[in-house]
Amino acid sequence: MAILYNGVERPEHTPDMIEELREDEVFVFGSNLAGMHGGGAAYVAFKKFGAVMGCGVGLRGQSYAIPTMQGGVETIKPYVDEFIAFAGEHPELFFYVTRIGCGIAGFRDKDIAPLFAGTVGLENVCLPKSFVSVLK
């Protein structure tokens, strides 16, 4: 199923593999605070979507880094909250949130998905199906 945002059809959930983005789309990925994007979605963000080595937080190019490697879920929450506020302030952009923290960082969907409850009602944020399932 697709949704319509800013006159463009978008997927209902973040695709498992994102190879390209439209001009107004942003790839949201899990990072480390040092911004060393050597594996997983972080490497994809660096190679394809403008993530910058040495920058582990925020928007760079068509990527948005959320640090997930510095401790427990409670250390990730402030960065997710910052992202949610940013997305709310930028309705001209459409954000694809990947399964941040659920790869190299070792968390599970049920640990991370609740952090994104604040995106409910934000039409410009697309979550992975596994996160949506936890939030329902």
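## Basis of the description

The model is predicted, with local features requiring pLDDT of at least 70 and side-chain atom pairs counted only at pLDDT 80 or more, whereas totals for chains, interfaces and linings use all residues. Residues are numbered from 1 along each chain as its sequence is written, and side-chain values use heavy atoms, with hydrogens and water left out.

## The sheet

Five strands form an open sheet with mixed pairing, in the order E4-E5-E3-E6-E7. Helices (H or I, at least four residues) and strands (E, at least two) are DSSP runs numbered from the N terminus; two strands pair if DSSP finds at least two bridges between them. Strand E4 (58-60) and strand E7 (125-126) are the edge strands, each pairing on one side only. Strands of a sheet pair through backbone hydrogen bonds, either parallel or antiparallel.

Strand E3 (residues 25-31) and strand E5 (residues 63-67) run parallel and are joined by five bridges. Within this pairing, phenylalanine 29 stands opposite alanine 65 in E5.

## Helices on the sheet

Helix H2 (residues 73-89) packs on the sheet and touches E3, E4, E5, strand E6 (94-97) and E7. The direction of H2 makes about 155° with that of E5. Axes are lines fitted to C-alpha atoms, for helices over the stretch in contact, and angles run from 0 to 180 degrees between N-to-C directions. Contact means heavy atoms within 4.5 Å.

Helix H1 (residues 40-48) lies across E3 and E5 and runs at about 135° to E3.

## Salt bridges

The structure holds seven salt bridges, each defined as a side-chain nitrogen of Lys or Arg within 4 Å of a carboxyl oxygen of Asp or Glu. A network of salt bridges links Arg10, Arg22, Asp24 and Glu25. Aspartate 24 and arginine 10 meet through their side chains at 2.7 Å, N to O. This pair links distant parts of the chain, 14 residues apart: aspartate 24 is in the loop between strand E2 (8-11) and E3, and arginine 10 is in strand E2. Aspartate 24 counts as buried because its relative accessibility is 18%, and arginine 10 counts as buried because its value is 1%; buried means under 20% relative accessible area, exposed over 50%, and partly exposed in between (1.4 Å probe, protein chains only). Glutamate 25 also forms a salt bridge with arginine 10, with the closest N and O atoms 2.9 Å apart. Glutamate 25 lies in strand E3, 15 residues from arginine 10 in strand E2, and both residues of this pair are buried.

A further salt bridge joins the side chains of glutamate 19 and lysine 48 at 2.6 Å, N to O. Glutamate 19 lies in the loop between E2 and E3 and lysine 48 in helix H1, so the pair ties together parts 29 residues apart in sequence. Glutamate 19 is partly exposed at 48% relative accessibility, and lysine 48 is partly exposed with a relative accessible area of 42%.

## Threonine 119

Threonine 119 is placed in the loop between helix H3 (109-112) and E7. Its relative accessibility is 5%, and therefore threonine 119 counts as buried. Leaving aside neighbours within four places in sequence, threonine 119 is in contact with Ile84, Val125 and Leu127. The C-alpha atoms of threonine 119 and phenylalanine 83 are separated by 9.6 Å, the two residues being 36 apart along the chain.

The side chain of threonine 119 also reaches the backbone oxygen of phenylalanine 116 at 2.7 Å.

Note on methods. Polar contact = N/O pair within 3.5 Å; in protein donor to acceptor, adjacent residues only side chain to side chain.
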